[in-house]
Amino acid sequence: MALDSQRFKAAAKSVNKQLPILPYLGLGLWMAWNITAFSGVAWLEDIENTWRAADLFAVHLGTSVVTLVLIGIFHDKIEPLLARAATPLSGGLIASLGAVVIILARPSMVGNQTLFFVGCILTGFGTTVLFARAVALFGALKPRSSFIYLCAAGLFGPVVFSLTRMAPGAFATVMFALLPLLSAGLLVFRPYSTAELAVLSGKSRLTSQFWLFLVALFIFSLAAQVMRNGLYPLPPAQSIISTEHSAVVVFFIYALLALFAATSDSPYGFAKLYRPATLAIIALLIVVPLIDIPVVIRVALSSAANDTFNVLAWGMLAYIVFQAQGNALPVFCLGNAALAGGSFVGSLITGALVESGISTNNFLVICLALALVAIVVSLFIFPENKMAELLLPIDESEPAQEESGDRFAPWKAACLELAERGGLTDREAEIMALLARGKSTQQIADELVISAYTVRAHTRNIYTKLDVHSRNELADLVGRNVKQPARTE
């Protein structure tokens, strides 16, 4: 028996070496299950029954938000559990059990609404455990590599959903029940690496910029959800068709994003993507209701835009974890809780408004008002300069930290060069580097064990000598002086 176990471990190690993408495809199966579940493909029996996908969406998402917040708060106790294969496998089993309960609760079988809600709660909890297992996979990678793998998972999800959709009804139902367990199997196929364990156990303080980022994620997600589901509520049959169109659009968008990430040389990629992504969501909130296209296409475009924003947000969260060398669970789980929480609240709002019999014109006014709120968030609460402070420059052409010892070396070299050019003292150079990284006056004072008054005095001298007027100008100046390594053929 021991010999068989050793052979299995050796075979698994060989497969992992040849196919390192396998655990990341586990998240792709997680995405495929969500698409399948929320579209109702595998468990809705007819377009007139009361078991609507919206019911599953709301209950499942509400459970997921609560679970994500609890994991984010009590991450110290949960981190060791996630490192064990038994935890995600149990999560997959619970989610699969929940899917079976949802199937059994159909009118042609047990037909019990309470049983249906129990199934939704089980899937919400189980799939969230799977998501928590996946977060370390991305926080340990360089941001560009992490984003490419995220896009690969995103490409895999629509493909699996499409295959499930084309399969006979019985097979689709079985896949609906088995996908969480299959996802868990891929996620635990290999144990966490040293780098992945490090980002789980590493600790650093979450900045005010991060909390503002969560507020922005919540607002954008809420606005997108109201526009997508409230203005154009679709019956299940049309909703499934809309999901199919959305899956196709998302596939091509993720392919383009992966190509962009693979070919871009910019160390500020995500900070630059933030503004176009948020403005695209706002534009859809305003433009989509006004264009003359079938409602199914409108909803599909809105869904695709929302999914795209989610994967961009996950890329930013991975960037934050890599940069902080830790905090994977609180950063990813609280970040996804903001996204899911916005969608959950948006679904409650749209449900209440639809039940009230509100007119399309009045609903359009609400959508435009939400677009205005999103604009205010983008311009004032969490503008682009805050994103630049949150996502510090990282030279990804250098080897990872465990290989080179310091992934910020080119950026620090630029700081030293500017300090020498501007005639800064050693203490001023030290404070300048911290200012350019977005540290607050009090954070710098605490780190250097000096008074805030002293930090402010040095800051005035630094600004004068370098001819800048703000932290953002200082960060831009440093960024422009980072030496990019020559490309090798």
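Here is a short tour of ring pairs and what to select for each.

Before you click, know that this is a predicted model, where local features need pLDDT of at least 70, side-chain atom pairs count only at pLDDT 80 or more, and totals for chains, interfaces and linings use all residues. Residues are numbered from 1 along each chain as its sequence is written, and side-chain values use heavy atoms, with hydrogens and water left out.

**Stop one.** A search of the whole structure turns up 12 aromatic pairs (rings of Phe, Tyr and Trp, using the six-membered ring of Trp, with centres within 6.5 Å; planes under 30 degrees apart are stacked, over 60 edge-to-face, the rest tilted). Select Trp 33 and Phe 176: their ring centres are 5.6 Å apart and the planes sit at 10 degrees, so this pair is stacked. Trp 33 belongs to helix α2 (residues 22–39) and Phe 176 to helix α8 (residues 169–187), 143 residues apart. Helices here are DSSP runs (H or I, at least four residues), numbered from the N terminus.

Is Phe 176 buried or exposed? It's buried, at 0% relative accessible area (buried means under 20%, exposed over 50%, partly exposed in between, with a 1.4 Å probe and protein chains only). Trp 33 is buried too, at 1%.

**Stop two.** Now pick Phe 220 and Phe 309, an edge-to-face pair with 5.7 Å between centres and 75 degrees between planes. Phe 220 is in helix α10 (residues 208–230), while Phe 309 is in helix α13 (residues 295–324).

**Last stop.** Select Trp 30, Phe 131, Trp 314 and Phe 332, which ring pairs link into a cluster.

Note on methods. Helices (H or I, at least four residues) and strands (E, at least two) are DSSP runs, numbered from the N terminus.
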